[in-house]
Amino acid sequence: MQTLIQFAFVLSAALFIFGLKQLGSPATARRGNLISAIGMLIAIVAALMDQGIVDYRFILAGFVVGGVIGALAARMVAMTSMPEMVALFNGFGGMASLLVGMAALTPNAATFTLVTIVLSILIGGLTFTGSLIAYGKLSERIGSGAVMFVGQQFVNSLIVLGILGSAVMFCLQPDQAHWLYLVVGLSLVFGIMAVIPIGGADMPVVISLLNSYSGLAACAAGFAVDNNILIVAGSLVGASGIILTQIMCKAMNRSLANVLFSGFGSGKVETTEVEGEIKPISVDDAYYVLEAATNVAIIPGYGMAVAQAQHVVKELTELLEENGAEVNFGIHPVAGRMPGHMNVLLAEADVPYDQLLEMDDINPRMENVDVAIVIGANDVVNPAAREVESSPIYGMPVINVDSARTVFVLKRSMASGFAGIENPLFYKDNTRMLFGDAKESIGGLIREFGS
Amino acid sequence: MQTLIQFAFVLSAALFIFGLKQLGSPATARRGNLISAIGMLIAIVAALMDQGIVDYRFILAGFVVGGVIGALAARMVAMTSMPEMVALFNGFGGMASLLVGMAALTPNAATFTLVTIVLSILIGGLTFTGSLIAYGKLSERIGSGAVMFVGQQFVNSLIVLGILGSAVMFCLQPDQAHWLYLVVGLSLVFGIMAVIPIGGADMPVVISLLNSYSGLAACAAGFAVDNNILIVAGSLVGASGIILTQIMCKAMNRSLANVLFSGFGSGKVETTEVEGEIKPISVDDAYYVLEAATNVAIIPGYGMAVAQAQHVVKELTELLEENGAEVNFGIHPVAGRMPGHMNVLLAEADVPYDQLLEMDDINPRMENVDVAIVIGANDVVNPAAREVESSPIYGMPVINVDSARTVFVLKRSMASGFAGIENPLFYKDNTRMLFGDAKESIGGLIREFGS
Amino acid sequence: MRLAIPRETLPGENRVPIIPDIAKKLCRLGADVDVESGMGDSAGFSDQDYIDAGASIVTDRAALFGSADVLLRIHKPSHDEIALMKPGCIHISFLDPFNEHDLVTALKERGVTAISMEMIPRTTRSQKMDALSSQANLAGYVMVMKAASYLPRILPMMMTPAGTLKPANVFVIGAGVAGLQAIATAKRLGAKVTAFDTRPVVAEQVQSLGAKFLEIDLGETGETAGGYAKELTPEQVEMQRQAQKDVIAKSDVVITTAQVFGRKPPVLVTSDMIEGMATGSVIVDMAAETGGNVEGSVPGEVVNIAGVQLIGTGNWSSDVARDASQMYASNLFNLVEDNWDEEQKLFKVDFEDDILPGCIITHGGEVVHDTIKNLMAGGQ
Amino acid sequence: MRLAIPRETLPGENRVPIIPDIAKKLCRLGADVDVESGMGDSAGFSDQDYIDAGASIVTDRAALFGSADVLLRIHKPSHDEIALMKPGCIHISFLDPFNEHDLVTALKERGVTAISMEMIPRTTRSQKMDALSSQANLAGYVMVMKAASYLPRILPMMMTPAGTLKPANVFVIGAGVAGLQAIATAKRLGAKVTAFDTRPVVAEQVQSLGAKFLEIDLGETGETAGGYAKELTPEQVEMQRQAQKDVIAKSDVVITTAQVFGRKPPVLVTSDMIEGMATGSVIVDMAAETGGNVEGSVPGEVVNIAGVQLIGTGNWSSDVARDASQMYASNLFNLVEDNWDEEQKLFKVDFEDDILPGCIITHGGEVVHDTIKNLMAGGQ
Amino acid sequence: MIPAEVFLTFILMLSIFLGFELINKVPATLHTPLMSGANAISGITVVGAVSLAGTGQQDLANWLGAAAVALASINVVGGYLVTDRMLAMFKKKEG
Amino acid sequence: MIPAEVFLTFILMLSIFLGFELINKVPATLHTPLMSGANAISGITVVGAVSLAGTGQQDLANWLGAAAVALASINVVGGYLVTDRMLAMFKKKEG
Ligand SMILES: NC(=O)c1ccc[n+]([C@@H]2O[C@H](COP(=O)([O-])OP(=O)(O)OC[C@H]3O[C@@H](n4cnc5c(N)ncnc54)[C@H](OP(=O)(O)O)[C@@H]3O)[C@@H](O)[C@H]2O)c1
Ligand SMILES: NC(=O)c1ccc[n+]([C@@H]2O[C@H](COP(=O)([O-])OP(=O)(O)OC[C@H]3O[C@@H](n4cnc5c(N)ncnc54)[C@H](OP(=O)(O)O)[C@@H]3O)[C@@H](O)[C@H]2O)c1
Ligand SMILES: NC(=O)c1ccc[n+]([C@@H]2O[C@H](COP(=O)([O-])OP(=O)(O)OC[C@H]3O[C@@H](n4cnc5c(N)ncnc54)[C@H](O)[C@@H]3O)[C@@H](O)[C@H]2O)c1
Ligand SMILES: NC(=O)c1ccc[n+]([C@@H]2O[C@H](COP(=O)([O-])OP(=O)(O)OC[C@H]3O[C@@H](n4cnc5c(N)ncnc54)[C@H](O)[C@@H]3O)[C@@H](O)[C@H]2O)c1
């Protein structure tokens, strides 16, 4: 029986791995989650088979309480507050590890066990409070800004020393319960201190990191109660969590250290005349947005000509259409550097004429457009022509890409166009800048469609 | 010390994994091999630290003999006989496992150990002889054809039964050495029997499979001598070997079962009037060839027009050039369906005029061309015009793509062109058919260049 | 307000100032539109088309001029016509105010508000009224088609069973609006195109059409705030000539569009360069009518110099009169609409506007355009 | 062997049968090449060019004919010229043997070996000698350029500050060699091109140029073994006309190239269809000279029917005489070279060859071409 | 006998590599669901808690175990459900 | 205590997954060097052989061990070298 249980654990670990793998691709992610859940079910059932269990009442009570709360929370949470919910769940996981660690304490435990108990408590505890703070910041129950005060460093150092000291003392004198409680308390405090100085914008990274910790806590708890699947699953979550954290940092163009210590989430808005923030996007991510779009508008400008990107633009169009999207081109009358500049290029690339819409035809449709791709255009999509009375182009009709759900602007830099004026479009909420030569950026998108 | 050794093993296993990972990409493969070799070095050094070792003479002797032979063999083997050399090495690895298994036999071994000993002997033995046969077939020391005789199935079944029987008997009566020798002998015979019915063309798959086995043999030997790194590294090789085998089968468009049992390597030449074999190629593989090419000639024909592939062709050209290759177009005067058909298309795609070479200019250069890509052309590259006196196009000058090192022919099927005649080019040794719509095939190549 | 569109009288002019579609739009603004009978004929529009659009047909040309509040035209008026206009009447057309000082004086004296289409500033916002651009654009196309029809060769490359025809070499001097369109058209037809311009920003624009830019180091050149080229020094012109010589000799077609706003165009192709070209080659001199870039070009004619056809036809866009009329009419309409007082339904001359004042030459009996005033006062 | 190239005498013909480059190649084969003085003028080649190539200049036309072993020409000979030739002389040119029975008789009687360029078979191997193709190809280009120069519009689409110009609609009837090149050229210029042909294989070819193929179900049509279209029944022609009517009415340019080898071309565009077109539209009738596809077309002229310009100029490739001459000369050279006896340095008339016999009409005092013989013997 | 720690180190090492291979190159859009999915797995602590909660001794450990089961269950159940809801939004079009 | 077999099963399972992730999508051109590289790793038997060859007892096991060391060394040394030679042919151009 015991062996059977162990092999059930192997199976469930395999399912976790497989599930995680599938979670990494949009096409299979949902199935992956299911598979991983099945793995969990198997593990729980196997655990219940354990001969050591004599009384199922407590277990059942725990299951029912936890399961109902979890299910309800998951059901009722608004789509937009998913991330904080994840943080909260994560905190509970950490707390569970802490409790398991504490419960595993037996009068005459070996030192190794004691160490693992301390670890599970420590990591579990800081995961718990850290996650709670992250939850608070994300849900804006507490201020989402970075909280900093003088002497913060000093206080933190004290806490760390305290944790170390009491942990050592506990291992030496396991019968002195107060050392244990000190560890518990300090680790809870430490979780708070570690997360408050990080700004709300960086929370996803923090949650991911805490998630990885909660895996490690489970791993430590596994050692404490000598349970295999905890160790394997815990280390798996710990490892993949760390890596995911790193990937998320990379996507935000920050280092992990920067997020945790120096960044303090103080934001990185450049000082510009125009309000708002520039949000660059990578080709990968742009692809995933495009892949989900059903109505795409392409607005070419002089930059498309300079990049000689017309052929790749045409190819992208074809791929989008194969993917089920409707694609139109919005041609502004003054786009380019000579009348009909865009026509010459697009005809060369064999874009059918009926996909070319004049400004007046595309503007009314813009609200239904999922993604407007602005390719090397600038002046002709400048909302200042509508909004900024003092602008030299005020009053000129432009293509209102900013009414589209998402706008991708493909250009090489923040440089202005022919008219030499700033473009507030680049700072709008729904705008993403895809920096780089237009031909290369689009080439990248095309490759993403292929892979 | 013992713990240190164990952790050295962990490190070396990590290096093996990392090395294998890097072996999977052409850019890093060589480094990967080095990393894996370092892992091996660490493992060996760690093993030598073992306190159980009191006498280094035998070890040293073994190292020197084996190392020198291995190094010499690796140095001297001709490039073309690498695969058989790999087979041979593999066989030695298997034999080593067999010997370790035998050596591990102690008078009062536990049954579990006995089972692992039998396994290491069995797998090691069949790997050894199987590899030898594979070596023989590849090096054409023995006929490379599939050897089959009546009653083969029956004989094989007998051997398997014999192995099973004597293995069981050995485990029951470990002191009766003859059971052990019977296992050794039968497994050696079985290795021979398993490989002789497989044809030379399928040998790479067989070697890969045997390689996986030799990993498993090492794993079994690891159990027998209670050595951790053997188990881990062995299972790693076993697992990745199996998967590699499967991938190779897929690349050959066969199932593993088909290779091992029914296929019997009897070849699959279709009955055509023209001699030779049609060799299709996948986009992946075509990419790797192109990636290594420094001189590429593109010969477009009517099919490029039908597929409207001119734009992607131009993009491929650019990618090849970025990759350092020289690319030229060879334009046959009658390519397409109207005079200048290719010019119209290529000008549309903005291919520079000086890349367009007339037939008489490209033919003398053809011998220096690494890859000639024939895109939807047929009649204009038909060597029958040179070779087959009875051909209706005999005497017409054609583009002699067959003088290029490799020829890729992109077309949808084996259908003939305007003139309606068979094209012997498709059956030539250096020709690979990339079937499919030209635009899609080239699109695939472009994506490969991006990823 | 009465908008009047007389028939264009310049020989060979097929364009018309207003096409029926635009006439309809003008009527919709609330204007009374008077069209001289037969005005649309040369571009293929009948009187009936204009009537259908809501305009009235006027047969008496003198009456048309006399009753007009706004005259919409392509070409400058004659002195006789000026005499027919009401004082206070707004006359919109090309005027050539840099050279036509007599005419400007006559307009001033008559109290006409003369708006010059060539003076529309070249800003992003005013482009919709910019008739110089719209017509130059078509001219670019027409010049290539003309060149092609005189060339005893085809422009594209062709590799055929009967041998390979090399692509024609086309060299475009001056890559402004017309030059760029000429480049684009020649490229489309498959020619090998090289271009040169003195303004450095143009190199990228030429390349954005897939053509080659000829690099010549002329030292300091540049463009005016309005986007026009600065005039070169005589030394620079000489440098340019030398550098272009080889390219011209190898060209099958040379198209010159080099102009300096308000001045005589520089002579960039001299007789010896023409003689260096192969028999059968073609040169198109866009500005032959105003002096031209090519030595020996005759306004309005095609001359053969040493076997080279030199085309100085001029009035290029009139060749594609229907499209050219449509564009010119749009330009006029945009100008009118931009200055239209919706309530009073009239064309409001507002000196606070950011476009209009720059193109009013005379108003209320004064020459109000500074540059022109200075020029007429004496400065070259 | 003495190859002679007399001057072409057809009015308006600018092409020449042999250009200096090819003359040089002929000399290199070992032939004596005689060129009539002034032969190359119309295509821009001087006598000196030919002398440099190794040819001799002959001023006496009669002597040239009298001494020639092979005559290389574009157009068919006159009766007078035949009288000047030596018996046994080989005369290579277009001949129109289906219609010129008198001429064939005269050639036969004179004992001339007459080779007809239009009879070169259309196989892959013989394409290099196929002058019908090489000239039709250039004709395709020229017809579009001609149409463009008569159209008061531009072909490409342009979205400009002064409004959008729609692309011109071009409809090409008959997509053989000339039709395909016309499609390609119009496409290049940015027109919206539709095409129709009775041979079903052509649909894919049209699409391979990016143009639209008009699907008309005519029932059984097809092509001959030689790749030419079969003649339609009168009912089929009527069906085709009806189906094309709408497309024609919407077209700015219609180009007809529909021919049936050896027969009068079908009339596919009738007067009422022309009237249905907009003022200013253009029709190009490729075969106006041999009857034409368009009702009312006048060979060699441009006529205006209800505001539509109907261009029947003909001899299209002469418009790009230099390139056309190069290609025709290559065709001739390939023909000569293919039948050249290297040792004896003479043009060998070999009835075992797989190309030549099909194009020899008369030889040794006989009409040797079966089809022509039958035709002349009586069967229509 | 080889000590368990060695095996565990091996397992950890393999897990890290595997984690890297699995998670490598995940698109940013999937970061949140992936994190949430992994989070649910970390609720595996429930398995450890179960044995503690089932001793039937009704001591502190038992109570702690029961609480741990409850908390971990929230993590597991909530985590999987939330992940699923998030992923349901990515409905991939066929094509 | 958890039996070693369980750990080993875990290790095997993880290795298989890892093997799959690592080898997945390797181009055909690399099949042979990859196989050869993996082959070299399977010479790890040398580590096991070493302890047998080093007992100093000069019995059969000792001799067998020494032979195993020799054979496995061939596998290791030859394997790595051959792989390297093969890979040297793939010299990737920069760009
Ligand atoms: N149509 C006409 O006839 C005509 C004639 C003359 C002037 N104009 C004027 O030109 C302007 C046209 O507006 P527009 O929006 O088309 O152009 P634009 O406002 O000049 O903007 C072009 C943008 O393209 C980007 N770009 C340049 N090269 C690129 C490359 N290789 N890859 C990606 N992006 C590239 C540039 O940004 P980065 O440098 O950051 O990449 C630039 O901001 C108007 O102001 C119009 O008045 C028009
Ligand atoms: N140039 C001229 O003026 C002219 C005029 C008339 C006839 N011809 C004749 O046409 C021939 C020209 O030779 P060629 O080599 O260019 O053409 P070809 O011999 O006709 O061969 C074209 C090949 O392209 C392939 N193809 C068609 N569509 C394709 C697609 N979408 N993707 C990939 N492949 C495609 C076809 O094979 P699959 O079906 O298997 O894909 C076919 O074998 C000569 O025989 C010539 O005499 C020439
Ligand atoms: N803001 C706008 O939207 C807008 C609208 C229209 C034009 N423009 C700008 O105005 C520029 C000029 O327009 P244009 O075409 O009417 O100018 P133009 O007709 O005055 O001159 C034609 C071209 O000739 C060039 N040139 C002058 N001297 C030359 C010489 N010696 N050699 C070679 N080239 C010479 C000029 O640089 C110019 O490009 C355009 O290129 C464009 O950038 C801007
Ligand atoms: N084998 C070769 O290499 C080679 C060389 C040259 C031409 N060819 C073939 O010969 C074909 C015909 O050549 P061509 O252009 O000299 O032919 P053509 O001049 O005789 O006819 C022109 C076109 O008109 C079409 N046509 C006839 N009746 C029509 C009708 N009622 N409506 C519409 N179209 C009609 C014909 O199908 C043909 O495509 C070419 O398309 C080509 O495929 C082959």
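Student: Which residue of chain B forms a salt bridge with F:Asp84?
Tutor: B:Arg30 does, with the closest N and O atoms 3.0 Å apart. A salt bridge here is a side-chain nitrogen of Lys or Arg within 4 Å of a carboxyl oxygen of Asp or Glu. Keep in mind that this is a predicted model, where local features need pLDDT of at least 70, side-chain atom pairs count only at pLDDT 80 or more, and totals for chains, interfaces and linings use all residues. Residues are numbered from 1 along each chain as its sequence is written, chains are lettered from A and ligands numbered from 1 in the order written, and side-chain values use heavy atoms, without hydrogens and water.

Student: How many salt bridges cross the interface of chain F and chain B?
Tutor: The rule finds 1.

Student: And how many residues does each chain bring to the contact?
Tutor: Chain F brings 76 residues and chain B brings 89, contact meaning heavy atoms within 4.5 Å.

Student: OK, new topic: where does ligand 2 lie?
Tutor: Ligand 2 lies between chains B and D.

Student: Which atoms of B:Ser413 and B:Asp437 come in?
Tutor: In the side chain of B:Ser413, an N or O atom is 2.7 Å from an oxygen atom of ligand 2. For B:Asp437, a side-chain N or O atom is 2.7 Å from a nitrogen atom of the ligand.

Student: What about B:Arg412?
Tutor: There a backbone N or O atom lies 2.7 Å from an oxygen atom of ligand 2.

How values were computed:
Near = heavy atom within 4 Å. Polar contact = N/O pair within 3.5 Å; in protein donor to acceptor, adjacent residues only side chain to side chain.
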